[in-house]
Amino acid sequence: MQSETAPRRLIVGITGASGTIYGVRLLRLLQATDVETHLVLSKSAKITLTQELDLKVSDVTDLADVVHQADNIGATISSGSFKTMGMVIAPCSMRSLAEIASGVTSSLVTRAADVVLKERRRLVLMAREAPLHLGHLKSMAAVTEIGAIVYPPVPAFYARPASIEQMVDQTLGRVLDLFDIQTDVVSRWNGLNPAKTRDIP
């Protein structure tokens, strides 16, 4: 009997936290791969998007292979029988993170994340908030304990980014590394530059 090949599908969630550029750019990077993207935008994400980027919601949905409405509890991605590689929420609001941590979900974004966790697939939460209070930190610890990866979009300055786009791409390239999805946007660390450290006492 032939074994079923796992499909190359990735769920992309975008919530209302600042940083919608991460979700949009993630979709653009995935267009150059063989990965089928399933997008779900929260209502708040649509509002934040219009304030942060010179894009319409339709500009973003056009980047995905499949688009799901946030209130569609019957969507394919709400069931564990629908096979995916996992999910990235970029950015992930603290409300969404807290819902995922508790298992009490109110939208397709957090329901899909809950499904990814119960099926033991990879869930990456690009948590975007600062400063953090104890409740945020406890939620982060809780989602980590149940299998998620908390990946705040922190710039890697060793890559010497020359633009916001390069900073965003470096972070997203490293996120995609977690799914073994190859891109050409990551500046890999090759060790210290001896010329830069020669005069350090």
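How are helix 4 and helix 5 oriented to each other? Keep that in mind as we walk through this predicted model.

**Stop 1: the core.** Select Leu-10, Leu-30, Leu-39, Val-88 and Ile-181. Within the largest nonpolar core, which has 32 residues, these five touch the most other members. Now colour helix 1 (20-30): its 6 residues are the largest share of this core. Strand 1 (9-14), strand 4 (86-92) and helix 7 (164-177) are among the other elements that each supply at least two residues. Another core, of 24 residues, lies apart from this one; Ala-75, Phe-82, Met-87 and Val-143 are among its members.

**Stop 2: Val-88.** Zoom in on Val-88 and look beyond its neighbours within four places in sequence. Its contacts there include Leu-10, Leu-26, Val-124, Met-126 and Phe-179.

**Stop 3: helix 2.** Select Ala-45, Thr-48 and Leu-49, which are buried in helix 2 (43-52). They sit on the same side of helix 2, because they cover an arc of only 105° around the axis. Residues three or four places apart in an α-helix point the same way, since there are 3.6 residues a turn. The buried residues of helix 2 pack against strand 1, helix 1, strand 2 and helix 3 (57-61). On the face turned away, find the exposed Lys-43, Ile-47 and Gln-51.

**Stop 4: helix 4 and helix 5.** Show residues 94-102 and residues 108-118; the axes of these two helices come within 9 Å and cross at roughly 40°. Helix 4 and helix 5 are therefore oblique to each other, and their crossing is right-handed. To see where they meet, select Ser-96, Glu-99 and Ile-100 in helix 4, then Thr-110, Ala-113 and Leu-117 in helix 5.

Terms used. Residues numbered from 1 in each chain as written. Predicted model: local features only at pLDDT ≥ 70, side-chain atom pairs only at ≥ 80, totals over all residues. Heavy atoms only, no water. Core = buried A, V, L, I, M, F, W, Y, C linked by side-chain atoms within 4.5 Å. Buried < 20%, exposed > 50% of the residue type's maximum accessible area, 1.4 Å probe, protein only. Helix = DSSP H or I, 4+ residues; strand = E, 2+ residues; numbered from the N terminus. Contact = heavy atoms within 4.5 Å. Arc of directions from axis to C-beta. Axes fitted to C-alpha atoms, helices over the stretch in contact; angles between N-to-C directions. Parallel < 35°, antiparallel > 145°, perpendicular 65-115°, else oblique. Left-handed = near helix turned anticlockwise from the far one by under 90°.
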